[in-house]
Amino acid sequence: FIAVPQVRRLSAGYLERWLQSPAISGLARTLFVSLVQAMQPVEPPLKEDIDAIECILSMKLKTNQLNTHIENVKKISITLPTLSVSQHIFSHLLRQAYLEIENPLPSQGASTSMTFLLSVTETLP
C-alpha cells in the first residue's frame with residue numbers, strides 16, 4: 001500500500017511515534033526506508049510526497065536515531081533529485097538551524113540541525 005501517495009503521507013505523519021515505540025520501532029524503520037523508496041521523482045513533486053517529506057523533516061527523534069534519520073533524508077534527496085524537493089529540504093533544514101542558533105538550549109552541545117544540514121547538503125543536486 002506504500003505505493004499510494006495518500007498512504008505515504010498518512011504513514012509519515014505517524015512515523016515519529018512509531019519509531020520511538022520500542023515495541024514497533026523495528027517495523028517502523030523498515031517502513032521508513034520503504035516510504036522513502038516509494039516516493040516518485042516527478043516535477044512538480046506530488047503534494048502528498050511533499051507533505052510526507054515535511055513530516056519526516058519535522059521529526060524529533062532520539063539522539064541514537066539521528067544518523068538513521070539523516071541517512072533517510074539523504075535518500076530522499078537522491079531518490080527525488082528535483083529542484084523543488086531540494087529547495088524544500090534545504091530551506092527547512094536552514095530554518096531549523098537558524099532557530100537553533102537564535103534560541104539555543106542550555107544543555108545542547110553541538111548543533112544537531114547544523115550537523116543534519118551539512119550532511120544532507122552533500123547529496124543535494
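Helix axes are lines fitted to C-alpha atoms over the stretch in contact, and angles run from 0 to 180 degrees between N-to-C directions. Helices (H or I, at least four residues) and strands (E, at least two) are DSSP runs, numbered from the N terminus. Keep both in mind as we walk through the chain.

This is a predicted model, in which local features need pLDDT of at least 70 and side-chain atom pairs count only at pLDDT 80 or more, while totals for chains, interfaces and linings use all residues. Residues are numbered from 1 along each chain as its sequence is written, and side-chain values use heavy atoms, with hydrogens and water left out.

Start with the whole chain. The protein chain has six helices and zero strands. Its C-alpha atoms fill a box of roughly 45 × 40 × 20 Å along the principal axes. Of its 125 residues, 37% count as buried (under 20% relative accessible area, with a 1.4 Å probe and protein chains only).

Now look at one helix pair. Helix H4 spans residues 66–79 and helix H6 spans residues 112–121. They pack at an angle of about 35°, with axes 9 Å apart. The crossing of H4 and H6 is right-handed (the near helix is turned clockwise from the far one by less than a right angle).

Which residues of H4 and H6 meet? Contact means heavy atoms within 4.5 Å. From H4 come Leu66, His69, Ile70, Val73 and Lys74. From H6 come Thr112, Thr115, Phe116, Ser119 and Val120.

Contacts also tell us about the chain as a whole. Take those with a separation of 6 or more: 68% of them join residues 24 or more positions apart.

Notes: Buried means under 20% relative accessible area, exposed over 50%, partly exposed in between (1.4 Å probe, protein chains only).
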